[in-house]
Amino acid sequence: MLSVVVFLPLAVCTALLLLPSRALSDRACGRVWIATATADLALVIALWASFDSRGGLQYQQRVRWIPSAGVGYHVGVDGLSLPLVALSCLLFLAVAVFSLRERRRVRSYVCLFLFLQTVSLGLFVALDLILFFVFFDLSIVGMFFVIAGWGHGERARAAALKFFLYTFIGSLALLLGFIGLYLAADPHTFDIVDLTRADPLAGRGLYAGLVLLAIGVGLAVKTPTVPFHTWLPPAHTDAPAAGSAILAGVLLKMGTYGFVRIAMPLLPGSWRRYALAIVVVGAVSVVYGALVALAQTDFKRMIAYTSVNHMGYIILAVGAAGTLAGSDAQTRSLAVTGAVTQMVSHGLITGALFLLTGVLYDRGRTYAIDAYSGLAAHTPRFAAVTAVAAFASLGIPGFSGFIAEFQIFTGSLASQTVATAIAVTGILITAALFLRALRGMFLGVPRLPRTIATRGIADLKGSEAMSTVALLAVALVIGVAPRWLLDVIEPAGHTVIGLVAR
Amino acid sequence: MLLWPLISVPLGTGAALCLAGRSANRPAPLLAVAAALATLGLAVTAAVARPEASAPLFTGMRAGLAVDGLSAVMVITVAAVTLGVVLFSTGEFGQGENRGRFFGLMLLFAGAMFVTVTATTLPLLLMAWEAMGATSWALIGYWWQQPERVRAADVAFLTTRTADLGLYLAAGAALAGGIGSLRLDALPHAAPPWLNVVTAGAVAAALGKSAQLPFSFWLSRAMLGPSPVSALLHSATMVAAGAYLLLRLHPLLAAATWAGPLVAWTGALTALALGIVAIAQSDLKQLLAASTSAQIGFMVLAAGSGGVAGGLTQLVAHAATKSALFLAAGAWLTALGTKQLPALRGAARRYRMVGAAFAVGTLTLAGLPPLSLWAAKDEVLAAARAENSGLYAVGLAAAAVSAVYSVKALWYVTRPLPTDAEAGYDTEGHGTRRVPRPVSFPLWALTGLAAVLGVLALPGPASWVRHLVGTPAEPSPTAWELGLSAGVALAAATWAWRYSSRPAPVPGAVARWAKGWLGLERGARLLVAGPVPALARALAVFDDRVVDGAVRQSARAGLAAARFARRLDDGGIDAAVGAVASGARGLGRWARRPQTGLVHQYYAQAAVGFCALILIVLLVR
């Protein structure tokens, strides 16, 4: 069942590629994509409906793959991965709907995104390190082509190359760490469940530390955290809106998910030992990311930097969950639950924001904040949706961001007081930067950039409105009534903190 | 099961109206009034029935709502003022405005306030508290085409959110202090030293929301919002929320021994300093705003000195008074297009209905007997005197100051209408020169309440209020205290009436300092709003040049290494391979030489070879 969810998009992708090019119009390609994404989302909802939140890993499937090297095809979901699987399906559907207006090489575009969907879902359900690594690397490949092929001109190719090389080096560090784990295990295996049970690096001081360093750097590049974040702004700025939404909404989560799925349960001893360093990286990412975002003059680049800020909260929380002194099970559980909630929340809200920047670029051909003024007069719906998304992103209660950040702060303060107190200022700086952008672009005296013809500027169209509003609506539901999500995450979070504390 | 409708009626209607926007322009006022009326009914019922409700929220924490004595008074006050202001707004906002958005936001805002005053757990309180801040941003910046109004909204939101960070820290500290449920009534039991963090965080958030020192400046900026917004935000909600939180958390203030005096002194000093600021204003709405800060100061003073019932009485009386005054100022602003006091000379004579209400309101605000704020203030001062006589003295001085600014405002509007009055009008926008009909009922209803709510301070009702909020032992004012405060207020009012026409007998710099709200905003800019963006810009440059520079340099280093490797490869390894090849070729050439194809030469070679072999055999043997 799970494998069907994962490979359905790839199967459709293959079918699209095999069909003769005249058999399918661009429009039909888009339709097929939406249908596939809808079907996949429906399957995930069905999985969620029959998911037992207290049942640990479910829908497991284990097939021999390269037994001589201890590699197997092992997939399954628990409360950590199921929300991310659902988030990915939802985001890909939103992007499919949003991309109905894409006109350039539509078939390859659709195929790439279908491929990326399989890769993303595969990563979140993978329970084998090599399987995880394969999907991790393939996501880089897929996104490289999206940015280079559909981004904004020559700069996009440079940004794509930088993105590829940087994150690829990160993935090599990750592979190194995985091999370190493999060699330490007896019998040698890459299976995450077996490795979790065995805890092969317990009491292996320096060696375990180096393995954590390799895995940590690999995941930190992908997340990204300061100082490994500089590939992110150009990649986002020059990617097409749909690519940015997937990059921020899904691909960044691969890094943070790696922390809760691999680094914490497989290396509990070193995680506890180096928790302070992790917390410092998290707090620095929060404040540094927010401050640098405040100084941006490019709307999309600004949102890219807020991603560094938002990911920083997650790192802070997972670090605090590894600090046993001063905390109890409740605070650590809150921190981990908040971290996973933040992954979902950031995907929804920042995904929507990036799609909205796509609308902005489509209308004005520029992201420069000071090129616009008083857009709300011309495009009231666009302004309203962007304002709601901005407030959601700055963590206003009623949206999922608050649910995540409140849990992160309350869960982390007890054990990491100073770092958390510093990180709390992040929500103030993000408030300042979003208000500044809203005031500059949407409010005030109406003035449009010269690039917009005399015909004026069009408001949100149906497909654009549907995709963004749907994402924000889910964020609103989580913000108002979060239990349906937290009921799934909390037991899994509890398991993780139990594994870290052993 | 009364609580869910109480919050969902305003929130639901508000959200629907916001979504509908202009398309709901026609039904919006009616729907909003109906929702506000229904909410008032629900609030009164809830105040009687005292319902409780809760739902699970986070691990070990619930989202709890309950109406107890304090909340009962608050929900009725909020609902009544909301209804009055919404009724008033139906006359203020014509078809040209986006009425769906305006009324929707007003209801959303009121709904957030209802949740704030009924929340029993910190997470839910914080949710409503911040949602209220966000909706206040949208309300203050309602006329978003004018950049200065939006900037004012930004200042208000960012200032209050800065203070709100305290509540986030308080929540974490409470959890660390062993209060896993985060129930408000359990907070005083937090283990020290976390108790101090909880208290400090909550106090900071409350002072920020209440525009107390040093946060007061945001209230001045918030005056750029529409008048009904000022009437709602700066009477029973928003600023009152901070006072409410301190009244609600007075056991916490008592548990952390330093907090009570700190809060009380902050309140007393705000009452005095912002009262002086109010005197210095020449803009009616600014005067009222400063007086709001000052009057809330009395509530904060009460909360800090344990006078919960007194503070609550002051809150209710002030809510009615101030909302009526803002509505009157708003009616004049709409009609005459100005809020400058000198230009408003004679406004009360021109629009007598509004003028009479304004007169009653200002006399109440002045603390003159037997109107409500006189008695309420004495309740507060009695609590302050029980705590510390210094507090009492400052409070009494603040009471005198409040009489001065109230009478100053009244003096201006009751002057005879100047002949060149028209010249001063329309400074803010084009006035309509008429007061709309729906204005009078809410204006008079609130004014009436303002006048008579003093009964709450009579011995009988006062003890009822004390039992309601659960502090029966609170001190009540003695006869001499009542007499003294009445005398002070009367004397100050008389003095102010006689000297209002002359400039104040203080140096110009002091007057300018007071008029500019004590330079608080400039201070905030100097300390925070200036350096932070500068730091941000510096970090952005650092990020580009250093962090990303390092990445680019390592990429460049990689390329350089590649070039070096290429040179090494071409000039070293490949050259060696070439040398081997050419050596082999040379050898081959040498080896080809004997292959001549001439038989006699082969014989000669064979002969030489044999000779060599024989020689070797001979030598070896």
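This is a predicted model: local features need pLDDT of at least 70, side-chain atom pairs count only at pLDDT 80 or more; totals for chains, interfaces and linings use all residues.
Residues are numbered from 1 along each chain as its sequence is written, while chains are lettered from A and ligands numbered from 1 in the order in which they are written.

The axes of α10(A) and α14(A) come within 7 Å and cross at roughly 165°. Axes are lines fitted to C-alpha atoms over the stretch in contact, and angles run from 0 to 180 degrees between N-to-C directions. So α10(A) is roughly antiparallel to α14(A), a label for angles over 145 degrees. The crossing is right-handed, meaning that the near helix is turned clockwise from the far one by less than a right angle. Among the α10(A) residues that meet α14(A) are A:A245, A:G249 and A:K253, and the α14(A) side includes A:M343, A:G347 and A:F354; residues are in contact if their C-beta atoms, placed from the backbone, lie within 7 Å. By class, this contact has 14 nonpolar, eight polar and one charged. Ala, Val, Leu, Ile, Met, Phe, Trp, Tyr, Cys and Pro count as nonpolar, Asp, Glu, Lys and Arg as charged, and the others, Gly among them, as polar.

Now look at the loop between α13 (299-321) and α14 of chain A, where A:G322 sits. A:G322 is buried because 30 other C-beta atoms lie within 10 Å, and the cut-off is 20 or more. Beyond its neighbours within four places in sequence, A:G322 is in contact with A:M264, A:W271, A:R272, A:A275, A:I278 and A:V500. A:G440, 118 residues away in sequence, is 42 Å from A:G322 in space, C-alpha to C-alpha.

On to α13(A) itself, whose axis comes within 11 Å of that of α18(A), with a crossing of roughly 160°. That makes this pair roughly antiparallel too, but α13(A) passes α18(A) in a left-handed crossing, with the near helix turned anticlockwise. A:F299, A:N309 and A:Y313 are among the α13(A) residues that meet α18(A), whose own side includes A:G426 and A:L433.

Over in chain B, helix α18 (residues 389-413) and helix α22 (residues 479-499) pack at about 35°, their axes 8 Å apart. The crossing of α18(B) and α22(B) is right-handed. B:W411 of α18(B) and B:W497 of α22(B) are among the residues making the contact, which has 13 nonpolar, one polar and one charged.

Finally, zoom out to the domains of chain B: domain 1 (182-512) and domain 2 (531-620), with bounds from an automatic or database domain assignment. Taken over C-alpha atoms, the centres of these two domains are 91 Å apart.

Key: Helices (H or I, at least four residues) and strands (E, at least two) are DSSP runs, numbered from the N terminus. Angles under 35 degrees count as roughly parallel, over 145 as roughly antiparallel, 65 to 115 as roughly perpendicular and the rest as oblique. Two residues are in contact if their C-beta atoms, placed from the backbone, lie within 7 Å. A residue is buried if 20 or more other C-beta atoms lie within 10 Å of its own, exposed if 12 or fewer, and partly exposed in between; C-beta atoms are placed from the backbone.
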